[in-house]
Amino acid sequence: MAAMVKSFAIQGIDGYPIDIEVTMLEGMPMLSIIGMGDQSVKEAGERIQAAIDTAGFQFPKKRIIINLAPGDIKKRGVHFDLAMAVALLQEAQEIGAKNLEQYGLIGELALNGNLRPCMGILPMVMSAEKSGIRKIIVPEANRKEAELIKNVEVHGFQNLTEVIRFLEGKKVPENHGMSGGTELLRQDESLDFADVKGQDAVIDAVLLAAAGGHNLLMIGEPGCGKTMIAQRIPTILPQMTEEESLEVTKICSISGLLTNGHTLIRERPFRAPHHNASLNSLIGGGVNALPGEVSLAHNGVLFLDELTEFSRKTLDALRQPIEDKRVCISRVSGTNTFPAHFMFVAAMNPCPCGYYPDARCRCTDYEIIKYRSKISGPIMDRIDVQKEVKPVGYFQLEDISQTRTSAQLREVVQRARNIQQERYAGLDGINTNAQMTTSMIQKYCEMDGDSLAMLRENCEKFGYSARVIHKLLRMARTSADLDGAEKIRLKDVEHVLMCRDLDNSNSRMMVVR
């Protein structure tokens, strides 16, 4: 009868259980690994043989077949090594492991038998918990990450010999127990909106965007503070829930961004890819379909500085993630879906030279419009707040003493988010005003006659699409929530229209054809 050990594989950002079966037949000594494994899986045979010999066990001189079931799903990774080695020794009766069916084994073997840390531990342990496996053996370096999942007994070991002794009941590990890690991976606490001076109008626009989860574009000349403001946006967003933290940590685990010893990520991610980033690095993909920047920014902020320097093809690929909050990567081997629910923040210069409308600017209206047209209309339609950032002179900063801190702004954002969460309680997938559907807009965005007249006048003036009008209504709802108002007021409509500076700027330009 074949020996069987439980392990796990990853598809997308989720894990699923794998049965590793080992049998030995009479014939020429050889090791065959079947079950649609990639090259790293097929190379495991050499690592397993070297590790078993180093550990002092006899490698069987028979025809050995290792099957990774189910056999119709492509599998990749080096984390199957430990499970295959234990199953092989159990089948060869070199060891007498007890209650092996209760354990899930994850780990890469070095040639000397040591256990190396692996990527994707968190989603694999989550899969174990869902499938009813309550005991997990992992490399010691991955133990804290694995302990994030409650009700799972995690055992961390340094090498194959320790694992075998434990399974045989000969040694009780020092580092194991019921999980529930509480360590946090914290963000840089030196970033604070108290450093931003003379930009009250922009901070109000950022506050509106953060409170409702709206997308934001800042336009201004070089050095006016766009990047400085963007870097501080995560400091005013509400703390992530336990579920959101697990999602973010899981994505980082799969991408190999969790350094050994780190556990739960509590601070919202901030991703700022360079403008020469490839399409696959931004959206996700590659041979093994790994998450891209849009997924690494899940539940956080994706910041694109120098927006017009990104290729148009790359920017247009953001349409689906911004709208659907997820990314579907299709390959011949299958389709992977990655979450991509992020706040999109971008910054750009107003013209090629960067100084419009200052007297230093020598760009023509045609050059400015051509420069701004590098960003397609559909992408601009998906950006709610478009705010100009005015430069503040260095010597003017000395006269500005009082500024709002990130802690103060976060309190305001949290109050508005609490109102929204109470409003959308019971609605799956709806947490902020930016996620409202069309039917919800009609229900929750009531306006009086004056407010509606002002909105209609501006929509006719700038030729807004239905999508932009819906975004304006969502923003107006957020503006009312910031003041705790039940209905949208005239001042709320005025507030959101003042956050569309790019429309006013474009309307002042004239191009002679």
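Trainee: Noted. What kind of model is this?

Mentor: This is a predicted model, in which local features need pLDDT of at least 70 and side-chain atom pairs count only at pLDDT 80 or more, while totals for chains, interfaces and linings use all residues. Residues are numbered from 1 along each chain as its sequence is written, and side-chain values use heavy atoms, with hydrogens and water left out.

Trainee: How many helices and strands does the chain have?

Mentor: There are 22 helices and 21 strands in the chain. Helices (H or I, at least four residues) and strands (E, at least two) are DSSP runs, numbered from the N terminus. Along the principal axes, the C-alpha atoms of the chain fill a box of roughly 85 × 50 × 45 Å.

Trainee: And what share of the residues is buried?

Mentor: Of the 513 residues in the chain, 52% are buried. Buried means under 20% relative accessible area, exposed over 50%, and partly exposed in between (1.4 Å probe, protein chains only).

Trainee: Let us turn to α3. Why is α3 described as largely enclosed?

Mentor: Because 10 of the 11 residues of α3 are buried, this helix is largely enclosed by the rest of the structure. Among the buried residues are Asp81, Leu82, Met84 and Glu91.

Trainee: How do α2 and α3 pack?

Mentor: Helix α2 (residues 44-54) packs with α3 at an angle of about 60°, and their axes are 10 Å apart. Axes are lines fitted to C-alpha atoms, for helices over the stretch in contact, and angles run from 0 to 180 degrees between N-to-C directions. The two helices α2 and α3 are therefore oblique to each other.

Trainee: Which residues make that contact?

Mentor: From α2 come Ala44, Arg47, Ile48 and Ile52, and from α3 come Asp81, Met84, Ala85, Leu88 and Leu89. Contact means heavy atoms within 4.5 Å. By class, the contact of α2 with α3 has seven nonpolar, no polar and two charged residues. Ala, Val, Leu, Ile, Met, Phe, Trp, Tyr, Cys and Pro count as nonpolar, Asp, Glu, Lys and Arg as charged, and the others, Gly among them, as polar.

Trainee: What about α3 and α6: at what angle do their axes cross?

Mentor: The axes of α3 and helix α6 (residues 160-167) cross at roughly 55° and come within 11 Å. That makes α3 and α6 oblique to each other. Here Leu82, Ala85, Val86 and Leu89 of α3 meet Leu160, Val163, Ile164 and Leu167 of α6. By class, this contact of α3 with α6 has eight nonpolar, no polar and no charged residues.

Trainee: What follows α3?

Mentor: Glutamine 93 follows α3, and this residue has a positive phi of about 60° although it is not a glycine. Most residues other than glycine have a negative phi, and most peptide bonds are trans. Glutamine 93 is placed in the loop between α3 and β5 (103-105).

Trainee: Is glutamine 93 buried or exposed?

Mentor: Glutamine 93 counts as exposed, because its relative accessibility is 70%. Glutamate 306 has a positive phi as well, near 50°, and lies in the loop between β17 (301-304) and α12 (312-316). At 28% relative accessibility, glutamate 306 counts as partly exposed.

Trainee: Now the peptide bonds. Which residue is joined to proline 70 by a cis peptide bond?

Mentor: Alanine 69 is joined to proline 70 in that way, with omega about 5°. Proline 70 is in the loop between β4 and α3. A cis peptide bond also joins tyrosine 356 and proline 357, again with omega about 5°.

Trainee: Where is glycine 77?

Mentor: Glycine 77 is in the loop between β4 (63-69) and α3 (81-91). With a relative accessible area of 22%, glycine 77 is partly exposed. Not counting residues up to four places away in sequence, glycine 77 touches Asp38, Ser40 and Val41.

Trainee: Last one: which side chain has a polar contact with that of lysine 250?

Mentor: The side chain of aspartate 14 is joined to that of lysine 250 by a polar contact of 3.1 Å. A polar contact is a pair of N or O atoms within 3.5 Å; within protein, one must be able to donate a hydrogen and the other to accept it, and residues adjacent in sequence count only if both atoms are side-chain atoms. Lysine 250 lies in helix α9 (residues 242-254) and counts as buried, at 9% relative accessibility.

Notes. Parallel < 35°, antiparallel > 145°, perpendicular 65-115°, else oblique.
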